[in-house]
Amino acid sequence: MALASRTSPRAPRPSIELVVIETQRLSPYLVRITLGGDGFDQFHDRVETDKYLKLKFTTPEPESHPVTRTYTVRRVNTEAATLDVDFVVHGDEGVAGPWAANVKVGEKISFIGPGGGFTPNVDADWHLFVGDLSAVPAIAAALESLPAQAVGEAIIEVDAEDAALELAAPAGVNVRWITNAAHDTECLADAVRALEWREGRVDAFVHGERESMKALRRVLFDERALPREHVSLSGYWARGRTEDRFQAEKREPVGQIL
């Protein structure tokens, strides 16, 4: 006889289906997809600037396996009943990128979410944002949410100079793009080491490629001795890994960042 569980199983989260309203090429490497339609009524927005969706795709034939891919919500427009999702594209590489590069207005996509975790602390003395192109949607949303008097630094790593975008930010926040075509995992860490460190409490959002985040962990916690509660540090992806493998490795030593 099976014993009854002391806890009830978590109910599966409902899936939401939206329609592609518009596509926009922001750069050679970034495509914005605007989603809307009747399903928007089921979308419950969150206050976090870093909030994500689990988008549902099917791998190409002959496998045709269902897979999910995690993407940050760039912006929600409640008046227009739409949301924007920005996709990094590298030709035919991956599942979601090629979909975003080729999807047509009127096509549908399903997802679960949003989930979320980070909102800038307005009580901090200054702000630090560090990441690569995958973190740009969350960084851009956070910059737009800051009060006009906010100060800080944003350092964003890209593969090529033409990947840089104009981001809206308070006048006191310096936004700097650095090119790292060689994919040196110490590039962002070295940029943070070279900063003229500001006085007071920092509120740091540091997200991107896993090995680069490990290097930044050493800078922020070992060298700068920042308290954990002052830093949001996470790997969004890992070079040479599919998202399925990347997610599985989070439970292995190689996937541990904190």
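## A tour from pocket to cores to cavity

Start with the lining of the second largest pocket, which by class has 3 nonpolar, 2 polar and 7 charged residues. Here Ala, Val, Leu, Ile, Met, Phe, Trp, Tyr, Cys and Pro count as nonpolar, Asp, Glu, Lys and Arg as charged, and the others, Gly among them, as polar. The model is predicted: local features need pLDDT of at least 70, side-chain atom pairs count only at pLDDT 80 or more, and totals for chains, interfaces and linings use all residues. Residues are numbered from 1 along each chain as its sequence is written, and side-chain values use heavy atoms, with hydrogens and water left out.

**Stop 1: the pocket.** Select Asp-45, Arg-46, Glu-48, Thr-49, Lys-51, Val-73, Arg-74, Arg-75, Val-76, Ala-141, Glu-144 and Ser-145, which line the second largest pocket. Two elements, β4 and α2 (136-145), each give two or more residues to this lining; β4 supplies the largest share, 4 residues. The pocket's volume is about 180 Å³. On a 1 Å grid over the protein atoms alone, a pocket is an open set of points with protein on both sides within 12 Å along at least five of seven lines, a cavity is a set where a 1.4 Å probe fits but cannot get out, and lining residues have an atom within 4 Å of a point. Grid points are joined across faces, edges and corners, and a volume is the space filled by probe spheres set on the points.

**Stop 2: the whole chain.** Switch to a cartoon view. The chain has 5 helices and 11 strands, taken as DSSP runs (helices H or I, at least four residues; strands E, at least two) numbered from the N terminus. Of its 258 residues, 47% count as buried, meaning under 20% relative accessible area, with exposed over 50% and partly exposed in between (1.4 Å probe, protein chains only).

**Stop 3: the largest nonpolar core.** Select Ile-33, Phe-57, Leu-83, Phe-87 and Trp-99, the residues with the most contacts inside this core of 26 residues. Such a core is a set of buried Ala, Val, Leu, Ile, Met, Phe, Trp, Tyr and Cys residues joined through side-chain atoms within 4.5 Å. Elements giving two or more residues to it include β1 (16-27), β2 (30-36), β3 (50-58) and α1 (96-102), while the largest share, 4 residues, comes from β4. Another core, of 23 residues, lies apart from it and has Cys-187, Val-219, Val-231 and Leu-233 among its members.

**Stop 4: Ile-109.** This residue is in strand β6 (residues 108-118). Ile-109 counts as buried because its relative accessible area is 5%. Leaving aside neighbours within four places in sequence, Ile-109 is in contact (heavy atoms within 4.5 Å) with residues including Leu-35, Leu-55, Phe-57 and Trp-99. Draw the C-alpha to C-alpha distance from Ile-109 to Leu-35: 8.7 Å, for residues 74 apart in sequence.

**Stop 5: the cavity.** Select Glu-157, Asn-180, His-183, Asp-184, Thr-185, Glu-209, Ser-212 and Arg-239, which line the largest cavity. Its volume is about 30 Å³. The lining has no nonpolar, 4 polar and 4 charged residues.

**Stop 6: Asn-180.** End on one of the cavity-lining residues, Asn-180, in the loop between β9 (172-179) and α3 (187-193). Asn-180 counts as buried because its relative accessibility is 5%. Not counting residues up to four places away in sequence, Asn-180 touches Glu-157, Val-158, Asp-159 and Cys-187.
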